[in-house]
Amino acid sequence: MLSLLAVNRAARTIVTGYPARACTMLRSLSTTVGPKQGAHANVASAATGTADGAKVLTIDSMNPNIREMEYAVRGAIPIRAEKLREQLKTHPGSLPFKQITACNIGNPQQLEQKPLTFLRQVSALMEYTDLLSPQMIDTTRKLFPEDAIERARRNLSYVGNAVGAYTQSLGIYEVRQDVARFIEERDGFPSSPDNICLTSGASGAVERVIDMLVSSPDVGIMIPIPQYPLYTATLAHVNAQAVPYYLQEDKDWQLSIGDLEHSLAEARAKGTDVRALVVINPGNPTGGCLLESNIAEIVRFCERHRLVIMADEVYQANIYTETNPFVSFKKVVAQLGSDVELFSFHSISKGMVGECGRRGGYYEAVNIDEKVMEQLLKLASVSLCPNVQGQMAVDILVNPPRPGDASYAQYKTEVGDIYQSMKRRAKKLAKAFNSLPNMSCNDAQGAMYCFPRVELPQAFIDEAKAKGQQPDLLYCMQMLEETGISVVPGSGFGQYPDTFHFRSTFLPPENLFDDFIDGFKRFHLGFIARYLPKI
């Protein structure tokens, strides 16, 4: 009878790069299981079944951790929005609006943000390599600038001229070199490609690190409230504890070290093994940007309490304030000479690139134990490699055209136009919210969102509770049904008790932005008029 050690060795073979041979080994193992094991397997199989023809996988038998997961950004509101979108297609004119305005998710190109020309040119050349052949290159030069052609050739050389082939599990080494140079130029401190891991979006990187941190249901990770639902969903998935700490709305969403101390002490007193602190900077959903002094306080806090920092910095290019410029956690850790363990995350989905669907991102690991780095490599190997075109987009994010390159002027203009438009829309939306009764909103210092606070009438709160619904969810659902505007209720992110918010992107096209704001104003004023007399 084959031992468990043999099975483990076969499984390790899959991880280290011989999938076909390993699969053959595992198939042979399945045919040589002894009668006793087979009998137990049959009994177990019979025990899990019910009546003949009944489903094995049901809502009751499935992984309960997945059943408990919630992800408000794609929750009840956007699900209803999709049904209304279909209704508009099949029955035009049947609703009091002409289109769905999807402000529930930071998905710039869905709302008509133009892709960056250089990135798409390089991608096109890499996908259809015949354009680079001697027979076609003269024609190609009439359509594509020389630096796009050279970048495509350069990047193709990293993958053996085959973007459809697997790459290294951590990502293409030369792209990781470019990421390290980008970090060095940004922060003024060294970075190594060996500490960079390319991923299929930053979300995948976050999930991977949380997977490494959680070794039992007693493990806890500190998360901001409000927070991006990726964190609570992932913690639910791995059956770990979310340890909340509140951001300070009256101080532009800065962190309070006193609140961190209180939350940590309370969790540890209950037996939670708190191991890490998540910080989202610039903030999602809040749009706040941390001061460098606040970041330094957070680093010292994590040093004192031996916490790993998870710095979600995917909005680092989306900064609209002069008073709170983006400063990376990596830079502050280096300035302080800290030995705190740090994972920082970045993505092509945000900023001015906005390539959400290409799924490209990375994390940098700082001060992480070498043996853990080996395990992170193993974990990456299980997924074989990140999306190749996503990796190539990361390369352009961190290594765009430079002065003197043929595409530099156009790239700079396109990035600048997107940035200035986003900055104008951020200010306009916050101003509109602040002009309305029963509503207040901090200016969006960064990211792609406003997170206004709504003072809901008590009569409406009572009505929502009688229906078994969160009041802010019902408010947002009514907004969708009357205007076609899809936003996310604050309860999906967490919020201070007895307060109500919602998150809206400011991504609708600028030429339609006034119509978007007017539609929201009409809804809110009508809503207040309906419920104020009942107060």
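Predicted model: local features only at pLDDT ≥ 70, side-chain atom pairs only at ≥ 80, totals over all residues.
The chain contains 20 helices and 15 strands. Of its 535 residues, 51% count as buried. Contacts between residues at least 6 apart in sequence were also examined. Among these contacts, 72% join residues at least 24 apart.

Two helix pairs were examined in turn. Two packed helices are described by the angle between their axes and the distance between the axes. In the pair formed by α10 (residues 202–213) and α15 (residues 370–382), the axes come within 11 Å. They cross at roughly 125°. Helices α10 and α15 are therefore oblique to each other. The crossing of α10 past α15 is right-handed. On the α10 side, the contact is made by Arg208, Asp211 and Met212. Helix α15 contributes Val372, Gln375, Leu376, Leu379 and Ala380.

The second pair joins α12 (residues 257–269) and α13 (residues 292–305). Their axes lie 11 Å apart, and the packing angle is about 25°. An angle under 35 degrees counts as roughly parallel, so α12 and α13 are roughly parallel to each other. Helix α12 passes α13 in a right-handed crossing. From α12, the residues in contact are Ile257, Leu260, Glu261, Leu264 and Arg268. They meet Glu297, Ile298, Phe301, Arg304 and His305 of α13.

A search of the whole structure finds 19 aromatic pairs. In one of them, the ring centres of Tyr475 and Phe527 are 5.0 Å apart, with the ring planes at 85°. Planes over 60 degrees apart count as edge-to-face, so the Tyr475–Phe527 pair is edge-to-face. The pair links distant parts of the chain. Tyr475 belongs to helix α19 (residues 471–483), and Phe527 to helix α20 (residues 510–531). The two residues are 52 residues apart. Both Tyr475 and Phe527 are buried.

Tyr475 and Phe527 are also members of one aromatic cluster.

The charged end of Arg503 sits over the ring of Tyr449. The distance from that charged end to the ring centre is 3.9 Å.

Notes: Residues numbered from 1 in each chain as written. Heavy atoms only, no water. Phe/Tyr/Trp six-rings, centres within 6.5 Å; stacked < 30°, edge-to-face > 60°. Helix = DSSP H or I, 4+ residues; strand = E, 2+ residues; numbered from the N terminus. Buried < 20%, exposed > 50% of the residue type's maximum accessible area, 1.4 Å probe, protein only. Lys NZ or Arg CZ within 6 Å of the ring centre and 35° of its normal. Axes fitted to C-alpha atoms, helices over the stretch in contact; angles between N-to-C directions. Parallel < 35°, antiparallel > 145°, perpendicular 65-115°, else oblique. Left-handed = near helix turned anticlockwise from the far one by under 90°. Contact = heavy atoms within 4.5 Å.
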